[in-house]
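Dear colleague,

I am handing over the structure below, and my notes on it follow. Please read them alongside the coordinates.

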There are 2 protein chains.
Amino acid sequence: MAHRSTIHETLTAVFQVRRFPDTIRAGESAMARPSAVLDRCPPGQRTELAVLLWERALNPAKGTWSLPGGRLRDDEDLDTSAARQLAEKVDVRELTHLEQVWVFSDPDRVPGDRRIASAYLGLVPLTAEPELPPDTRWHPVSDLPPMSFDHGIVVRHARNRLAAKLSYTNIAFGLAPATFTMSTLREIYCAALGYDVDTTNLQRVLSRRKVITPTGATASPGRAGGRPAAVYRFTDSGIRVTDEFAALRPPS
Amino acid sequence: MAHRSTIHETLTAVFQVRRFPDTIRAGESAMARPSAVLDRCPPGQRTELAVLLWERALNPAKGTWSLPGGRLRDDEDLDTSAARQLAEKVDVRELTHLEQVWVFSDPDRVPGDRRIASAYLGLVPLTAEPELPPDTRWHPVSDLPPMSFDHGIVVRHARNRLAAKLSYTNIAFGLAPATFTMSTLREIYCAALGYDVDTTNLQRVLSRRKVITPTGATASPGRAGGRPAAVYRFTDSGIRVTDEFAALRPPS
């Protein structure tokens, strides 16, 4: 058997909740949508969790879609490497969160040299529209194109981690704009979780845990009419566990 | 500069809550202890979170203490490697939980060849007494011996992860015996968290979240007297997030 080198690489699943205009169905008007849209969450909604992928112009796996990433350099650690590789595909100033989620180390996960992949989860907020190179675009996680190697598994793993963290941390700060109404936040949770959540419950739980804070401002009701909506922001801009049991908190 | 190879290794922090007999102070009798012991949690308690370490007989770093682990083989993935390396130091049948927690990849974390370390967290239940090789012993996390390289940082990182997971998962199943009283469970939480918790709150929170289930049996009150105590078990023997917000649960 020929000698195989072992290469260490990073792969980052950058997620953004996006409004895909091409999923608006023919015959539907903007006026007809207001409350029905989110009732169709998860299937058929226009707001979806998307992941950033680039298309391979060359073999191996020419024409398949890959996560941003690449080989770890001798003089950098993994976090530095993930941020550097990502900078080639997306303006990293738009990135609100980046964390290690898993290592994929199956000896045969890619052909040729062995590649051990440290997977990262990255987040970009709803309203950002970072410039992308021509080979790169956002894809709905629910409708991935043909994926390179095990990159589809990496996306699913990162998405599951994101969904789990939405329930016990404030990680949604990375997906939300700086300020938002509860209706927008529900749209984000719905897209990221893959199922609908109740706006009133969401507001109650996140307020009680001090995850979100009202700004005091209100948003105009928009075309759907109704009362002006309260505007919120995330209390913290770094990740934290939001549900330390009351019984288990350290003495303050 | 000489060429450096890059080696991938695993390092596992195996934790057990242990009763260290040598921390009983002179002049204290068993009868004097009952309720006062845990009020001294964290400092001076006799029940402590311990980590499994082995002493290096040779250089590099001769005489310092290391986490179990070692080099990843070409034909195995990281999980397999961590379990294999661990088997040299401890009977892995005693291990109730093993998970990846982090990758330590600073280019200069060890002298010589570059070593990228995938860190694991392992748990052994309170009552287990696995056989150990002569170079290996349990050390209280609060009082570590001189540690090899960055292994002290790895221990602290894994311990912080364990403490965080105690608040939003059922991970304490890995530290508890098969059945236990609330007094024992409080002892385990107190040692693992590093601060005391209230037994009544703990029982209420864990019962409400169905993390623990009464077995129907009772334990005799022991030397301290009082009523017989209810005996519990963990509902699940695999890890799960125990606090999905009510508002965020998927439709069932």
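A:R186 is buried, its relative accessible area being 18% (buried means under 20%, exposed over 50% and partly exposed in between, with a 1.4 Å probe and protein chains only). This is a predicted model, in which local features need pLDDT of at least 70 and side-chain atom pairs count only at pLDDT 80 or more, while totals for chains, interfaces and linings use all residues. Residues are numbered from 1 along each chain as its sequence is written, chains are lettered from A and ligands numbered from 1 in the order in which they are written, and side-chain values use heavy atoms, with hydrogens and water left out.

A:R186 lies in helix α4 (residues 182-193) of chain A, where helices are DSSP runs of H or I with at least four residues, numbered from the N terminus. The side chain of A:R186 is joined to that of A:D196 by a polar contact of 2.7 Å (a pair of N or O atoms within 3.5 Å; within protein, one must be able to donate a hydrogen and the other to accept it, and residues adjacent in sequence count only if both atoms are side-chain atoms).

The axes of α4(A) and helix α5 (residues 199-208) of chain A come within 10 Å and cross at roughly 95°, the axes being lines fitted to C-alpha atoms over the stretch in contact, with angles from 0 to 180 degrees between N-to-C directions. The two helices α4(A) and α5(A) are therefore roughly perpendicular (65 to 115 degrees). A:R186 is among the residues of α4(A) that make this contact, which means heavy atoms within 4.5 Å.

Best regards

Definitions and conventions: Parallel < 35°, antiparallel > 145°, perpendicular 65-115°, else oblique.
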